[in-house]
Amino acid sequence: MIDELRAVLGDAAVLTGAEIPRKNCSDWSKLPDIEPLALVRPATTEEVAHVLRLCNRYGQAVTPQGGLTGLVGGARPSPSTLALSLERLTGVEQVDARTATLTARAGTTLETVQRAADDAGLLFALDIGSRGSCTLGGNLATNAGGNRVLRYGMARDLTLGLEVVLADGTILSSMNTMVKNNTGLDLKQLFIGTEGTLGVITRAVVRLHSKPAGMLNAFCRCADFSAVLALLASAQTQLADTVSSFEVMWPSFYDLVITRLPQLRRPLASGPGLYCLLEATAADLAADGARFEAFLSQSLERGMLTDAVIAQSQREAGEFWAIRGAGSEYPRILGEINSFDISFRRDDIGRVVNRLESELAARWPGIHALTYGHVGDGNIHLIVNLPGVTTQPKEEISDLVYGVVREFQGSISGEHGIGTRKLNYLSNSRSAEELAFMRRVKRAVDPGNLLNPGKVLPAPETGE
Ligand code: FAD
Ligand code: LAC
Ligand code: ZN
């Protein structure tokens with residue numbers, strides 16, 4: 001099969017053994033490397049189809065790979081699979097300003113897509129910290145969320161059309177560009193958020209939005225979580241749908257990153273309460289800027305805020321966001337971590353975080369439990385590290401956290417997906433009937449279990 005792949009794709013596109021770069025053996029989950037049987041790097045949709053036809057003939061499973069920034073092991077090769085990287089299937093094919101759509105190949109980085117939209121005077125609203133490395137295909141396969149979901153939705157909401165190659169090599173082209181199209185099953189939804197288990201995404205049509213004249217950012221302190229919720233509700237009423245981000249950082253996060261990362265500038269002194277990063281878009285910088293400032297002073301007067309700093313420049317806004325984005329530094333400042341991406345009804349979050357932080361501290365005194373995230377969307381990240389031990393008690397920590405998620409009927413993944421890291425906990429958020437139906441879909445679409453085996457769906461219970 002490798003010889004046949006080489007004959008069609010060329011030697012440089014099929015790497016084996018020592019030729020396979022280390023980066024293709026895992027992802028940002030930092031789970032231990034697994035070397036794939038081979039790494040194939042097709043450069044066109046037809047080449048992807050060719051690879052999958054051959055794999056289908058030989059019963060060879062594949063692990064699709066984008067920018068390898070996933071946090072749950074989804075792109076880490078399962079044992080004995082072929083890694084199928086989309087890294088050569090790149091490029092923005094079209095930006096259509098009249099229909100506000102953009103067509104790009106799956107391996108294009110998010111940042112390149114954002115830039116192409118910007119160059120055409122429009123906005124591609126999806127934005128996540130890994131924008132420089134993650135790919136559009138990976139974003140859609142994981143239904144990525146990020147910082148602006150509150151206003152523009154997740155990757156799913158920004159997608160109009162998709163081209164996918166199925167496990168048998170069939171090219172399924174649903175490159176719809178229309179906003180309204182009710183013609184039977186919305187097939188693209190099968191592939192968005194299913195982490196490469198049902199098809200390999202090769203191209204997509206995404207929606208663009210009008211580009212704001214600028215962004216308004218404030219770094220605020222609220223006395224407690226009910227003040228945070230009051231501030232959010234008030235911002236959404238008074239600033240209406242210009243509110244694009246509402247990120248919250250608990251002291252467990254802020255105090256640690258601000259002291260361990262001296263390059264970060266501290267906008268507010270450490271103290272009691274929670275920190276919020278509020279972002280709103282401006283169509284008219286002067287008028288909207290004045291309204292933003294008035295809203296913040298009024299919130300101070302009403303006690304929803306106890307302190308706030310407004311960014312006076314792009315650079316200052318960047319400094320606020322650098323604190324919020326400090327996650328890429330965890331390996332350096334904390335070492336091995338257990339990271340959680342959990343979501344809840346917005347109103348429950350204050351109680352959930354208190355429970356999690358206090359139960360973790362009671363069970364493991366001295367533990368770091370950093371909490372922050374997209375509170376506007378009900379989605380928080382919790383980073384746990386027990387200092388001074390050689391082996392992190394990862395399973396016990398996960399059992400504790402996901403137990404609380406189940407109790408509050410939350411989700412074990414708000415945006416990062418399941419991969420292999422959360423396989424054993426999927427039933428905390430999904431019923432037996434839902435899991436059985438997911439398996440039926442998987443069997444129908446990929447009967448040979450050739451696409452990203454071992455990801456998302458745990459092995460069935462005996463008798464199921
Ligand atoms: P990979 O990691 O390569 O793959 C992810 C999954 O998609 C795997 O299951 C893989 O098999 C599958 N896949 C990849 N490409 C394809 C394809 N073309 N067809 C089919 N399946 C495919 N995520 C968020 O949602 N919000 C955030 O705010 C966010 N911030 C992050 C910040 C940092 C610093 C880092 C490191 C990660 C962050 N992430 C975030 C997680 C990650 O960047 C996203 O999940 C991203 O969408 C993954 O894209 P990728 O191209 O790197 O995919
Ligand atoms: C973030 C990633 C971890 O929001 O999802 O920073
Ligand atoms: Zn996030």
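# Zinc site, sheet and cysteines

Q: Is E415 buried or exposed?
A: The relative accessibility of E415 is 11%. Buried means under 20% relative accessible area, exposed over 50%, and partly exposed in between, with a 1.4 Å probe and protein chains only. E415 therefore counts as buried.

Q: What pLDDT do local features need in this predicted model?
A: Residues are numbered from 1 along each chain as its sequence is written, chains are lettered from A and ligands numbered from 1 in the order in which they are written, and side-chain values use heavy atoms, with hydrogens and water left out. In this predicted model, totals for chains, interfaces and linings use all residues, side-chain atom pairs count only at pLDDT 80 or more, and local features need pLDDT of at least 70.

Q: Which residues are the protein donors of the zinc ion (ligand 3)?
A: Donors are N, O and S atoms within 2.8 Å of the metal, or 3.2 Å for Na, K and Ca. Water is not among the atoms, so sites may look incomplete. Here the protein donors lie 1.9 to 2.1 Å from the zinc ion. They are H374 (NE2), H381 (NE2) and E415 (OE).

Q: How many residues apart in sequence are the parts that H381 and E415 tie together?
A: Helices (H or I, at least four residues) and strands (E, at least two) are DSSP runs, numbered from the N terminus. H381 lies in strand β18 (residues 379–385). E415 lies in the loop between α13 (394–407) and α14 (432–445). So this pair ties together parts whose separation in sequence is 34 residues.

Q: What is the distance between the end C-alpha atoms of α13?
A: The expected span of a helix is 1.5 Å times one less than its number of residues. For the 14 residues of α13, that gives 20 Å. The model agrees, because its end C-alpha atoms are apart by 20 Å.

Q: What covers the buried residues of α13?
A: The buried residues of α13 include I397, L400 and V404. Contact means heavy atoms within 4.5 Å. The cover includes β16 (338–343), α12 (349–363) and β18.

Q: Which residue in β17 is the bridge partner of M249?
A: Strands β13 (residues 243–249) and β17 (residues 368–374) pair in the antiparallel sense over two bridges. In β17, M249 is partnered by Y372.

Q: Is Q60 buried or exposed?
A: Q60 sits in the loop between α2 (45–58) and β3 (62–65). Residues it touches include M1, L37 and L450. With 13% relative accessibility, Q60 counts as buried.

Q: How far is the sulfur of C220 from the closest cysteine sulfur?
A: A disulfide is a pair of cysteine sulfur atoms within 2.5 Å. By this rule the count is zero. For C220, the closest cysteine sulfur belongs to C276. That is too far for a bond, because the distance is 5.9 Å.

Conventions: Two strands pair if DSSP finds at least two bridges between them. Lists of a residue's contacts leave out its neighbours within four places in sequence.
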